[in-house]
Amino acid sequence: MTVAREIVAALEQAFAGAPPPRVRALHLPPSPWNGSKDGEFAALELDSGALGLTYVLLDDTLAALRADGGGLVGADALALARDWVDARGARRTLGFAAAHALTRAFFDRADYAPPDATDSIGGLDPQPGEHVGMVGLFPPLVKQVTSRGARLTVVELKAALAGEHAGFRVTLDPAALRTCDKVLMTSTVLLNDTLDAVLAHCAGARAVAMIGPGAGVLPDALFARGVTLVGGAWIVDAAGFERALAAGQPWGRHARKFALARDVYPGFDALRARAAAARVAGPYN
């Protein structure tokens, strides 16, 4: 079973016996992309107010969502989440956003919020002499690894980036991760079908962190496959976030960064029990 299928199946269990959550709105950044990190993400909003983020710069996804994403109001969010499993392109991106939003709604119902992040590199704490792998080149994070004396290898899909760079190496071969002590990847691997291929080479790593605004889906399936920490964006001011996103402005002040380690996560079953107990106060909304 793929990660996407497993996560969506768990979400179906989480909301079984309750009215299906519905889509309230799709919030898009300005198009064309303004070159900022904030403009790389969109958010799907549920009728509960829960928001699910997704990366929208793969291929023509942003343009496609702007052209065809207006008919989602009132849609069954669980049905939409299944598109993450079965669809392609913009529909798959919407499905991923729905899975993210449903996870937030489930966590809210269980009165659970993951702890704050302490850094931007998934708590990897690189040490002198360690070999750190990075999936995708993210220049702002490079110095956070190399400045601590760790050796850095970056696995990329873009051939133009391959080669030796100042303080690190970029390769197109994911097998280079096999010798890494720690690995850092972003949640984009959940959208571009590279997650399983990447994790297949990370069995020898002591720590595998997945970070990024889209890393807010149910983590159980990720933890079971060897990921040790997920770090994402937890929206704390939905209205402010939506205004900033639409205006192409930074939205970070309307969210907090979280870091959820495998060894402190309560687990799906425990959270489902908490959510079920909370239903005595009213149905899912």
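## Salt bridges, a helix, a sheet and a cavity

Q: How far apart are N and O where the side chains of Glu-6 and Arg-225 meet in a salt bridge?
A: This is a predicted model, in which local features need pLDDT of at least 70 and side-chain atom pairs count only at pLDDT 80 or more, while totals for chains, interfaces and linings use all residues. Residues are numbered from 1 along each chain as its sequence is written, and side-chain values use heavy atoms, with hydrogens and water left out. A salt bridge here is a side-chain nitrogen of Lys or Arg within 4 Å of a carboxyl oxygen of Asp or Glu. For Glu-6 and Arg-225, the N to O distance is 3.0 Å.

Q: How many residues apart in sequence are the parts that Glu-6 and Arg-225 tie together?
A: Helices (H or I, at least four residues) and strands (E, at least two) are DSSP runs, numbered from the N terminus. Glu-6 sits in helix H1 (residues 3–14), and Arg-225 in the loop between helix H8 (220–224) and strand E10 (229–235). The parts that this pair ties together are therefore separated in sequence by 219 residues.

Q: Is Glu-6 buried, partly exposed or exposed?
A: Buried means under 20% relative accessible area and exposed over 50%, with partly exposed in between (1.4 Å probe, protein chains only). The relative accessible area of Glu-6 is 29%, so Glu-6 counts as partly exposed.

Q: How many salt bridges does a search of the whole structure find?
A: Side chains of opposite charge can pair when their charged atoms come close. Besides the Glu-6 and Arg-225 pair, there is one between Asp-108 and Arg-104, whose closest N and O atoms are 2.9 Å apart. Across the whole structure, the search finds 13.

Q: By about how much of a helix are Asp-108 and Arg-104 separated?
A: An α-helix has 3.6 residues a turn, so residues three or four places apart point the same way. Asp-108 is partly exposed at 38% relative accessibility, whereas Arg-104 is buried at 16%. Both belong to helix H5 (residues 89–109) and they are four residues apart, which means a separation of about one helical turn.

Q: How many of the 21 residues of H5 are buried?
A: H5 reaches 31 Å from its first C-alpha to its last, close to the 30 Å expected at 1.5 Å a residue (1.5 Å times one less than the number of residues). The helix is mostly covered, and its count of buried residues is 18.

Q: Which residue in E8 is the bridge partner of Gly-133?
A: E4 and strand E8 (residues 182–186) run parallel and are joined by four bridges. Within E8, the partner of Gly-133 is Val-183.

Q: Which element supplies the largest share of the lining of the largest cavity?
A: On a 1 Å grid over the protein atoms alone, a cavity is a set of points where a 1.4 Å probe fits but cannot get out, and lining residues have an atom within 4 Å of a point. The largest cavity has a volume of about 70 Å³, that is, the space filled by probe spheres set on grid points joined across faces, edges and corners. Its lining includes His-100, Arg-104, Trp-234 and Phe-258. With four residues, the largest share comes from H5.

Q: Which residue does a cis peptide bond join to Ser-31?
A: The omega of this bond is about 5°.

Notes. Pairing = 2+ DSSP bridges. 1 Å grid on protein atoms, 1.4 Å probe; cavity = no way out; pocket = protein on both sides within 12 Å on 5 of 7 lines; lining within 4 Å.
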